[in-house]
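Subject: Structure handover

Hello,

Here is the structure I promised to pass on. Please open it alongside this note.

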Amino acid sequence: MARPKLAFLNDLVQAITGNERRGKRAPITEEAAARNALSRPASERLAAACDVLMGRIGDAARVAVAEQALAAYAQLTKPERHDFFVMLRDRFNSSPEAIRTAFAAYDADPSARTLVPLFNAVEPPRQTLLRRLNTAPGATLKLVHMRADLLKAIADDPELAPLDSDFGHLFASWFNRGFLTIQRIDWSTPANVLEKIMGYETVHPMKGWQDLRRRLDPADRRFYAFFHPATGDEPLIFVEVALMRDTPAEIAPILNAPALDLAEEADTAVFYSINNTLAGLKGVSFGNFLIKQVVAELAAELPSLTTYVTLSPAPGFAGWLSGVKEPEAVKLAEELDQGAWLMDAAEAERLKPQVEALAARYFTEARSKSGAPRDPVARFHLGNGAAAWRVNWPGDRSDGAVKRAHGLMINYLYEPAAIEAQHEAFVRDGTIATGAPLAAILSR
């Protein structure tokens, strides 16, 4: 991408700051210059605006320039977005000379005084640029979408990965738990928010407004979401809860149960669907805070509740099983793929002990290259301090669940008194807490 000429930067600044002369008629030559600046390709306007933002500029003009920059970004094509990310990486990178100089001073005198210049030298200037872009109205959500674009670009060009560290670093601060607000979602929630939720539900997709109302309205349902003041009515994560008298083993009875005006006194809160909504917030942890907050909310509202448990998918089970080379596992995978068990209860009953045994191994032994549990949902709940309590098969006969997990589901148990100890054991040495039903299968 060619570096824009200084004249264009001046044109851009004049065009953006033209509002400051509101009420006055600008000379024709300045109007022509402004039109010229705003008619330039979006990639040029964006690059110029970034340079202006990193220069000496007043606060009011900075907001206007940031707004122009994000407007220009929204007009970029996919190849132009890639070029923009390359520019961010290369033009706004840290200076090796400045780092060497600052490190030499710190090495000669390792103190808090010399550490600050070193820290400032190491931080890429693009983080300052992103902070200044974030001064525009509504910019935070636009930057979240920009990061989603970046993650897609990284899939094609891994050399862009250093940029993601900058976004991740800033978002971890901007989306700190202290800024989040929890809201109960019900049928009186504004329609635009409900519509977003229907679109974002991917664990158990909704089939329309009546399906949504079934999950919100009855006396035996609760629905909570986290919001951030900078992203307005955009839910960042939400959890759906069923209030029951027992720990469920299948999802269909929850999703298809008739609506009740007056629920029987429940003793079990079942978290049956948790959805992160924005791809650009990947890696920013909300779920653990949301579950703990919802447990506190439910305990205060419903003192009869004694059990907090999930009914969760196992999205990696089918892939893991297909890689197990033991003859029994290979034969089982073939029989599960053939699908006779979906229509034949006797066949499902015959296969059940074998599926349970391998499922128990999957949740307690299967690991990723980093040593974490292979299953992403397991990583989430076990990392939050839950226990892998009971495997359920068949638990979900939907097409997606059969494809990804041969219909397997699992309950993770959240015991408030054990959460912190189990979380510490998992983080420190990878210990996976198991419930009695799962332990019984492992001991067969």
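Below is what was found in it, from the whole chain down to single residues.

**Ground rules**

This is a predicted model, so local features need pLDDT of at least 70 and side-chain atom pairs count only at pLDDT 80 or more, while totals for chains, interfaces and linings use all residues. Residues are numbered from 1 along each chain as its sequence is written, and side-chain values use heavy atoms, with hydrogens and water left out.

**The chain as a whole**

The chain has 21 helices and eight strands. Both are DSSP runs numbered from the N terminus: helices are H or I with at least four residues, strands are E with at least two. Along the principal axes, the C-alpha atoms fill a box of roughly 85 × 55 × 45 Å.

Of the 444 residues, 47% are buried. Buried means under 20% relative accessible area, exposed means over 50%, and partly exposed lies in between (1.4 Å probe, protein chains only).

**Helix α3**

Helix α3 covers residues 42–53. Its twelve residues should span 16 Å at 1.5 Å a residue, and its end C-alpha atoms are 16 Å apart, so the two agree. The expected span is 1.5 Å times one less than the number of residues. Eleven of the twelve residues are buried, so α3 is largely enclosed by the rest of the structure. The buried ones include Arg45, Cys50 and Asp51.

Threonine 140 lies in helix α9, residues 139–156. Threonine 140 is buried, with a relative accessible area of 8%. Its side chain makes a polar contact of 2.8 Å with the side chain of asparagine 134. A polar contact is a pair of N or O atoms within 3.5 Å; within protein, one must be able to donate a hydrogen and the other to accept it, and residues adjacent in sequence count only if both atoms are side-chain atoms. Leaving out residues up to four places away in sequence, threonine 140 touches Asn134, Phe175, Ala230 and Thr231.

Alanine 230 sits in the loop between β2 (221–227) and β3 (237–244). At 33% relative accessibility, alanine 230 is partly exposed. Alanine 230 and glycine 138 are 92 residues apart in sequence, yet their C-alpha atoms are 7.0 Å apart.

**Helices α11 and α12**

The axes of α11 (residues 191–200) and α12 (residues 209–216) come within 11 Å and cross at roughly 100°. Axes are lines fitted to C-alpha atoms, for helices over the stretch in contact, and angles run from 0 to 180 degrees between N-to-C directions. The pair is therefore roughly perpendicular, a term for angles of 65 to 115 degrees.

Ala191, Leu194, Glu195, Ile197 and Met198 in α11 meet Trp209, Leu212 and Leu216 in α12. Seven of these residues are nonpolar, none is polar and one is charged. Here Ala, Val, Leu, Ile, Met, Phe, Trp, Tyr, Cys and Pro count as nonpolar, Asp, Glu, Lys and Arg as charged, and the others, Gly among them, as polar.

Leucine 216, in α12, is buried at 2% relative accessibility. Beyond four places in sequence, leucine 216 touches Ile185, Asp186, Trp187, Leu194, Arg221 and Phe223.

At the start of α18, a side-chain oxygen of aspartate 375 reaches to within 3.0 Å of the backbone nitrogen of valine 377. The buried residues of α18 (residues 376–383) include Val377 and His381. Glycine 385 follows α18 and has a positive phi, near 100°.

The peptide bond from tryptophan 393 to proline 394 is cis, with omega near -10°. Proline 394 is in the loop between β7 (387–392) and α19 (399–405).

Histidine 406 is in the loop between α19 and β8 (409–414). Its phi is near 50°, a positive value in a residue other than glycine. Histidine 406 is buried, at 4% relative accessible area.

Glutamine 422 belongs to helix α20, residues 419–429. At 17% relative accessibility, glutamine 422 counts as buried. Neighbours within four places aside, glutamine 422 is in contact with Gly385, Ala386, Ala387 and Ala433.

Best wishes

Conventions:
Contact = heavy atoms within 4.5 Å. Parallel < 35°, antiparallel > 145°, perpendicular 65-115°, else oblique.
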